[in-house]
Amino acid sequence: KSLLDHVNEPVVLVLCGPDSTECNAFDALNEGGNRHLIQLRSCLNVGSAPQKSEERRSAMIDCYLSWTSYIANATTTLAQKIHAVVLDHDAEFEMGQVLHKVFESAHVRGDFLVDDFAVVTVASDTTNQSWKSALLERFRTLTIFNPVYHAQVGFEGCNYQMGVFSTGNVEFYGQIIHTTRAISETTGLVAFLEDSKAGVTSYEPDFAPTKYVTNDMYNVTPAAEQWLGQKLLGQQAILQYEILLPKTELEPGERVLFNDDVHNWYGIWYSGVILQQTKEGGYLVELDGGETLESNRDLIRKFETSDTQFKFGDRILVERLVGEEDEYAWLQGSVTGVLEEGWYKVRIFEDSYGESVVSHDELIHQFEAPDPQQLSGLTTEKLKVVFTEALDDLSDAGLDMFVTDRVGEGAVIVCFLDDILIVATWDGRIHLDVNVFGFFNNAPLGPFLDRFVNSGLLGNIDYLTMVSKDEQPRGRGRIVNGWQDLQSFWFGRLLGYPERSRDDEGNRESS
């Protein structure tokens, strides 16, 4: 009542449990009068279908379509949009999933919900509290911009918890205080605020600046002196490799995910099924949307779920509605927190507005497990031989190498040649880090890296693939510019300072 006191006849959508159970939330709201209520009951055949089965997925899609149509007809009949959504104590987790899918689409929310709508949940046990809190967090991350709030209210001496989501309500916290006091006065329960989150600061269309700032108001002399005072002493490159074993062959009828632009961080994977393998070694894939295409194995990921718990930092794919047509697809991200009862906090790389809370069923590992019958054959001795052969031809003064395999399950290799130091660490499995440091400032490090990497490492270790390459300068004066920048004719001129000669630089160093 506190959240909707500004509306004369609010429309409230109530999610109840199965038909066999009472719906206390609906009954309580129905007694209040001056409200239009839309009641949703649990769909049949959803809870009885096996987890992760095609039967369960089909039943949830049917429920989604049925609810969408029912809500559309109800709001059309009432000639009003929905002001609030209330989840009864007995509302089921699967129905919460369907409700989220209904309102996940921005244009559906625009059709069914007013701009300043609210969602209220009630729970009395850990399981219900977890998924209902996660549902409210989904609404918060869907709405994004302030004013948007998600609060959890607890009660002393009992396990009851009330969750509240609100958007477009600038008086939210005052109304929460009023609500907790009213609950205490009418029930005797002492309420307290357990947690609260807001959204992202939004764009202000009528913003009037109090002060204008121009470039000439800043003193750029310190920055210019730092820019020109850089002294390059060496160059470093950190190379990361992984042994990517071949993937298993795919069979006709097998469920897969397809992405035509595979990237380590970004990308959308679409569900489909293998039709057949082509003569060229690729595959013919039919996507769930009906499109048929031919693809090589690198752009296809076998659809494989995992019953094991995900860990913090795991790279994952998260199922979401995407595109203007709101089709289901999988977005890349990582696990940022492990919650109770199979729930996780995740960050989706395509989304810059924070974390989302998702269930285990909505996640799979980003990277497909390799074919267990394939082996790389990599050993410490083989690494030593490969490094020796790769570096002997690149050094005029000879190669000094030190190897130890007393570090965990892998090994550390240290190589000295001329004015270059190489430290390589292998984890004993699939990961190899190579740290290269060149003690010179009169030539780029790139040509050496190309010869060492292409003709040395990649050509002599099976399935070895470079996954990361970072090059940076090393020196004094808070150096940020590499050899190429410091040697270029335009260095220093962009700030209006004359280019410093090498003689001046040398005299300054000697002094």
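Let me begin with a definition: a residue is called buried under 20% relative accessible area, exposed over 50%, and partly exposed in between, with a 1.4 Å probe and protein chains only. The model is predicted, so local features need pLDDT of at least 70 and side-chain atom pairs count only at pLDDT 80 or more, while totals for chains, interfaces and linings use all residues. Residues are numbered from 1 along each chain as its sequence is written, and side-chain values use heavy atoms, leaving out hydrogens and water.

I turn to the salt bridges, each a side-chain nitrogen of Lys or Arg within 4 Å of a carboxyl oxygen of Asp or Glu. The whole structure contains 13 of them.

In E137 and R140, the closest N and O atoms are 2.5 Å apart. Both E137 and R140 are buried. They stand 3 residues apart in helix α5 (residues 126-143), and are therefore separated by about one helical turn. Helices here are DSSP runs of H or I with at least four residues, strands are runs of E with at least two, and numbering starts at the N terminus.

A second pair is R138 with E362, at 2.8 Å between the closest N and O atoms. This pair links distant parts of the chain, 224 residues apart: R138 is in helix α5, and E362 is in the loop between β17 (356-359) and β18 (363-365). R138 and E362 are both buried.

Finally, R255 and D288 form a salt bridge, with closest N and O atoms 3.0 Å apart. R255 is partly exposed at 35% relative accessible area, and D288 is partly exposed at 46%.
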